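Subject: Structure handover

Hi there,

Here is the structure I promised to pass on to you. My notes on what turned up in it follow just below.

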Amino acid sequence: MTGLRSAGTALLLTATAITMIARPSHAQHAGDGFLFHAPGGTFGFRGGFAYAMAHSDLFSFVTDQLTIDRSDFSSPTFGAALAIRVAPSNDIVLDVSYANVSRQSEFRDWVDQNDLPIEQTTSLRRIPITLGFRHYITSRGRPIGQFAWIPARRALYVGIAGGMMEYKFHQVGDFIDFKTLNVFPDEFSSQAWTPVAHASAGLDLALGSFTMANIEARYTWARGPMSADFDGFNHIDLSGLAMTAGLTFRVY
């Protein structure tokens, strides 16, 4: 619940900040040039940073035993989105994101029989694919007569989406059998698909008639089961908050 409250607060603060940027002004009512009609949609690319919540018991065990912290599961993220305009203020959005991180570590309190560190590599990959709804709080543009449409310089939106996430938690290296205290090499992996949902707030900034810069804050909710390699652990926490920026292109 603490993670959800923190994420909700972050999204609220981000939306408030974006709203301040997007306040109407005289310059906002005219974009850089005009179009013959309103665009039918947009296609965009983005990149940024995805902060992983990492609140499940698996992460508690890993961070307690190994020289790795919850924050080490945060990583750069990249994504793309295709939005289809269904109303002046509403889009249907198909979206895919990718985040992957790999960290070197060793056991905090144990060494091998040669007094050498017991080392391993831990990685986490998340690929959500979603279909969602985006609502623009401010106008995206205005028609001039029957043959022209002027894009706004700024357009603020919020969105929700749901879908499926492909994820993989993987460890390879040397480990300890805590019953015998023997050190052994091994590899553990858990890979599957699980339901995912996200909420977002963003801002489009016109760079020209066809191109926009985009900034967005997004909180993702997801948890997934672990394979037999991680027997005894509950579902892995795949939730996180992402901050991204990118380019979006109007489609006709």
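The protein chain has two helices and eleven strands, where helices (H or I, at least four residues) and strands (E, at least two) are DSSP runs numbered from the N terminus. Along the sequence they follow the pattern α-β-α-β-β-β-β-β-β-β-β-β-β. Please keep in mind that this is a predicted model, in which local features need pLDDT of at least 70, side-chain atom pairs count only at pLDDT 80 or more, and totals for chains, interfaces and linings use all residues. Residues are numbered from 1 along each chain as its sequence is written, and side-chain values use heavy atoms, with hydrogens and water left out.

Of the 252 residues in the protein chain, 46% are buried (under 20% relative accessible area; exposed is over 50%, and partly exposed in between, with a 1.4 Å probe and protein chains only). Among contacts (heavy atoms within 4.5 Å) with a separation of 6 or more, 71% join residues 24 or more positions apart.

Now to the cavities. A cavity here is a set of points, on a 1 Å grid over the protein atoms alone, where a 1.4 Å probe fits but cannot get out, and its lining residues have an atom within 4 Å of a point. Grid points are joined across faces, edges and corners, and a volume is the space filled by probe spheres set on the points. There are four cavities of 30 Å³ or more.

The largest cavity has a volume of about 220 Å³. Its lining holds 18 residues, with Thr77, Ser97, Pro128, Thr220 and Ala242 nearest the centre. Strand β11 gives the largest share of that lining, four residues.

The second largest cavity has a volume of about 150 Å³. It is lined by 16 residues, and Gly44, Ala81, Arg134, Asn214 and Thr248 are the closest to its centre. Two or more lining residues come from each of β1, β2 (75-87), β9 and β11, and β1 supplies the largest share, five residues.

Leaving aside neighbours within four places in sequence, Gly48 contacts Ser75, Pro76, Thr77, Met243 and Thr244. Gly48 and Pro76 are 28 residues apart in sequence, yet 5.7 Å apart in space, C-alpha to C-alpha.

Best wishes

Methods:
1 Å grid on protein atoms, 1.4 Å probe; cavity = no way out; pocket = protein on both sides within 12 Å on 5 of 7 lines; lining within 4 Å.
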